[in-house]
Amino acid sequence: MGVGEVRLAGRLICTSDAEAEIVRRHLAEHVRLTLAEPGCLSFSVEPTDDPLIWRVEECFVARDAFLRHQSRTRASAWGAATTGLERQYQVFGLD
């Protein structure tokens, strides 16, 4: 991890096929928009062997870029569609 970088690693967990379908429906656009954000170094949301769980990995150049991403995500179609889904994340470098 570079100096000043913020990394997030974790899981997005659905409890039903209907929730998983919501993720699949909105994911490509969410990834596209995130990768286009200033300060995004990498962003990946990949399925796991469990069809209801995705592995999430993000890296941003600095705290402010990460916080802008979080704000944009909450206000996006992705944020609205996935409100209530369980997220288990660890964030590194935010201090």
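User: Which residues does Glu5 touch, not counting residues up to four places away in sequence?

Analyst: A quick note first: this is a predicted model, where local features need pLDDT of at least 70 and side-chain atom pairs count only at pLDDT 80 or more, while totals for chains, interfaces and linings use all residues. Residues are numbered from 1 along each chain as its sequence is written, and side-chain values use heavy atoms, with hydrogens and water left out. Taking contact as heavy atoms within 4.5 Å, and setting aside residues up to four places away in sequence, the residues touched by Glu5 are Leu41, Cys59, Phe60, Val61, Ala62, Phe92 and Gly93.

User: Does Glu5 count as buried or exposed?

Analyst: Glu5 sits in the segment before E1, where elements are DSSP runs (helices H or I, at least four residues; strands E, at least two) numbered from the N terminus. Under 20% relative accessible area is buried, over 50% is exposed and anything in between is partly exposed (1.4 Å probe, protein chains only). Because its relative accessibility is 16%, Glu5 counts as buried.

User: How does Gly4 count at its relative accessibility?

Analyst: Gly4 is also found in the segment before E1. Leaving aside neighbours within four places in sequence, it is in contact with Val61, Ala62 and Arg63. Its relative accessibility is 43%, so Gly4 counts as partly exposed.

User: How many Å apart in space are Gly4 and Gly84, C-alpha to C-alpha?

Analyst: Along the sequence, Gly4 and Gly84 are 80 residues apart. In space, their C-alpha to C-alpha distance is 30 Å.

User: In what order do the elements of the chain run from the N terminus on?

Analyst: The chain has three helices and four strands. From the N terminus on, they run β-α-β-β-α-α-β.

User: What is the radius of gyration of the chain?

Analyst: The radius is taken over C-alpha atoms, and the globule rule is 2.2 Å times the number of residues to the power 0.38. For 95 residues the rule gives 12 Å, and the chain is close to that, so it is as compact as a globular protein of that length; its own radius of gyration is 13 Å.

User: What percentage of the accessible surface belongs to carbon and sulfur atoms?

Analyst: Areas come from the Shrake-Rupley method with a 1.4 Å probe, and for residues only the protein chains shown count as cover. The accessible surface of the chain comes to about 5,600 Å², and the share belonging to carbon and sulfur atoms is 54%.

User: Which strands are the edge strands?

Analyst: Two strands pair if DSSP finds at least two bridges between them. Here an open sheet of four strands has the order E2-E3-E1-E4, with antiparallel pairing. The strands that pair on one side only, the edge strands, are E2 and E4 (86-92).

User: Which residue stands opposite Leu12 in E4?

Analyst: E1 and E4 run antiparallel and are joined by seven bridges. Opposite Leu12, E4 places Arg87.

User: Which residue in E3 is the bridge partner of Leu8?

Analyst: E1 and E3 run antiparallel, with eight bridges between them. Among the facing residues, Ile13 stands opposite Ile53 in E3. For Leu8, the bridge partner in E3 is Glu58.

User: Through how many residues does the hairpin join E2 to E3?

Analyst: E2 (residues 40-47) and E3 (residues 53-60) run antiparallel and share seven bridges. Glu46 stands opposite Arg55 in E3. The number of residues in the hairpin that joins E2 to E3 is five.

User: At what angle does H2 run to E3?

Analyst: Axes are lines fitted to C-alpha atoms, for helices over the stretch in contact, and angles run from 0 to 180 degrees between N-to-C directions. H2 lies across E1, E2, E3 and E4, and its angle to E3 is about 140°.

User: What is the relative accessible area of Thr82?

Analyst: Thr82 lies in helix H3 (residues 77-82). Leaving aside neighbours within four places in sequence, it is in contact with Ile22 and Arg87. Thr82 is buried, with a relative accessible area of 0%.
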